[in-house]
Amino acid sequence: MPLRSLKKQEVVLIKGLVSAAQHNFKAGVVVREEQEGRIVVQLLLGEEILHIKPSNCLLAHKVEDRVSILLLQIWEFQLELRVARSLLLDVFAENMGICLHIASFWPQREGLMHFSGYNRRVLPESYAVVPFKQTATTTVSTDAQTGKLSDGHDARLCASPASTSIAFRWHTLSPMPTPRIDCASVDLGYGRVLFAGGCGKHPQMCAPHEFLKNATMYDSLTDTWTPLPDMQYRRQGCTGALLGSKVYVIGGEYVNGARSAMNEVFDLQSWSWSVLGADQGADGPNNPLLLRCFAAVAAVRGRVVVVGGNVMPGPIAQVYNPMRPELGWISAKEPALDEYGACGFCLWREHLVLAGGRGDARNVEAFTFSTTAAAAASDAATASAWSANMASYCDRWSDPENLDNPTLPPLPPPPPTPTPPAPSGNWTTLPAMCKPRVGPAICVIHNTLYASGGVDERSSEFTTSVERYEPGPDVPRGAVAGPNSKWVLCENLKMPAALHAHTAHGMPMLWQSDAGAGSSSDASRS
């Protein structure tokens, strides 16, 4: 990396140190440049100062550098790769590009992160469980000591509670600049989460100016927060989803008590907000988005799906396809329950999963699209016919007798847009959760669903419990439930505080070895 590419105050991710390998996979900030091609970096955690080469730094704000540090971490710590490291380097002539590609077939190391929450007051703390750390009193089996399952997943999060006596350790994250609940919380990928809107205390206690329109982004690789531009409207009870490079923030409640028909979109490329009205994105006022508050939102197979949170009569589920804006917000098939407020939701296996909430607080349902076999066959036939026409056209142009022929037909038109999945979609009912949960958070860690927190409104009891979903071994590919699917309480994993209205995400974290173990010099040769 050229020296000029690193600027003062830039946040960097450290890799490839040999003599000070214990500092690899840590975050720091560039303090100043120094002579002899080295720079001065201060670690973000602690006050230690390092004098290192620019080539030992990756830029935290660049997606490609974030991908690189996560792959280097897998290469460094994954047991199977450590065993085969010398062989791989020898076979591929120390080509780290190929080695990191091999590392990409293992999952990232993820932690369970909880942000804010409510239990008679807004709890400002955010926490992460550190699955590779254990207390001194913890007794574990030989398999659990490795922290790995046969597929490389983290045993401390995925193993059955009955099979291990693992004790979890939570640690506190850097504080959110503006603690909030009832906000849009959207995973941007590679360890970044956007928070927008919400309120800093119970909405019934908020003055108009205390409802929020500001936004911020958390970085799990550096444990830092970055302010984002403000939205146009203050709103609480909004939700959001990422589709492509745009974050759709849907609905919510204005400070004057009126529900918002004006949704907003944050463009990650231009770093700016724009307003998307309820009937915008369509050629006319047809198919407007229903006024909603606390709706479930996710990007499912190229579409924004909004379910529940209704504040007026109308369809419970609606779908917006940004590739077909003229269709507006199309009504979709409704779930079994007609009330889905204050539920937890997330995207899992191309399904929008809804869990708990008002109505049946143990209920879980999942929504997705599917293309009919007839439509798929029609699309394949259309594409095949176009390919044949195009091949014939190219053959005719390559014929010397036709090179000067002005009567050749124009280039055949491209095939039509493939038939979109049926707007109605499909719902699958999953087994009920172990505990009733209103205002829970659900998230995905290593492709496993976890539900945490919430309140049982019948007893007004807030819970610290966490449960995970086990689909079972006989679930067909593309499905989410089978005859042996069930939810299981994680008896050995409790939240740091009993609360609801929090958000949770499974996010990659940077783990350091206890003594810089592993061949860090390999990374320095990349």
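This dialogue walks through a few features of a predicted model.

Trainee: What is the mean pLDDT of the chain, and how many of its residues reach 70 or more?

Mentor: The mean pLDDT is 80. Of the residues, 75% reach 70 or more.

Trainee: Where is the pLDDT below 50, and how many contacts does such a stretch have beyond near neighbours in sequence?

Mentor: One such stretch is residues 402–408. Beyond near neighbours in sequence, that stretch has six contacts in the model. Another is residues 513–526, where the pLDDT is also below 50. There the model has 30 contacts beyond near neighbours in sequence.

Trainee: Now helix packing. At what angle do the axes of helix α1 and helix α3 cross?

Mentor: Look at the axes. Helix α1 covers residues 63–77, and helix α3 covers residues 96–103. Their axes come within 9 Å and cross at roughly 85 degrees. Angles of 65 to 115 degrees count as roughly perpendicular, so α1 is roughly perpendicular to α3.

Trainee: Which residues make the contact?

Mentor: From α1 come Leu-71, Leu-72, Ile-74 and Trp-75. From α3 come Met-96, Cys-99, Leu-100 and Ala-103. By class, the contact has eight nonpolar residues, no polar ones and no charged ones.

Trainee: Next, aromatic rings. What describes a pair of them?

Mentor: Two values: the distance of the centres and the angle of the planes. A search of the whole structure finds 14 aromatic pairs. One of them joins Trp-348 and Tyr-469. Their centres are 5.7 Å apart, with 85 degrees between the planes. That pair is edge-to-face.

Trainee: Which parts does the pair tie together?

Mentor: Trp-348 lies in strand β21, residues 344–348. Tyr-469 lies in strand β29, residues 465–470. The pair therefore ties together parts that are 121 residues apart in sequence.

Trainee: Is Trp-348 buried or exposed? And Tyr-469, buried or exposed?

Mentor: Buried means under 20% relative accessible area. Trp-348 has 1%, so Trp-348 is buried. Tyr-469 also has 1%, so Tyr-469 is buried.

Trainee: Which residues do ring pairs link into a cluster?

Mentor: Phe-115, Phe-195, Tyr-218 and Trp-225.

Trainee: Last, a loop residue. Where is Cys-206?

Mentor: Cys-206 sits in the loop between β10 (192–196) and β11 (215–219). Its relative accessibility is 13%, so Cys-206 counts as buried.

Trainee: What is Cys-206 in contact with, leaving aside its neighbours within four places in sequence?

Mentor: Cys-206 is in contact with Cys-199, Lys-201 and Phe-211.

Methods
Residues are numbered from 1 along each chain as its sequence is written. This is a predicted model: local features need pLDDT of at least 70, side-chain atom pairs count only at pLDDT 80 or more; totals for chains, interfaces and linings use all residues. Side-chain values use heavy atoms; hydrogens and water are left out. pLDDT is the predictor's confidence in each residue, from 0 to 100. Contact means heavy atoms within 4.5 Å. Axes are lines fitted to C-alpha atoms, for helices over the stretch in contact, and angles run from 0 to 180 degrees between N-to-C directions. Helices (H or I, at least four residues) and strands (E, at least two) are DSSP runs, numbered from the N terminus. Angles under 35 degrees count as roughly parallel, over 145 as roughly antiparallel, 65 to 115 as roughly perpendicular and the rest as oblique. Ala, Val, Leu, Ile, Met, Phe, Trp, Tyr, Cys and Pro count as nonpolar, Asp, Glu, Lys and Arg as charged, and the others, Gly among them, as polar. Buried means under 20% relative accessible area, exposed over 50%, partly exposed in between (1.4 Å probe, protein chains only). Rings of Phe, Tyr and Trp (its six-membered ring) pair if their centres lie within 6.5 Å; planes under 30 degrees apart count as stacked, over 60 as edge-to-face and the rest as tilted.
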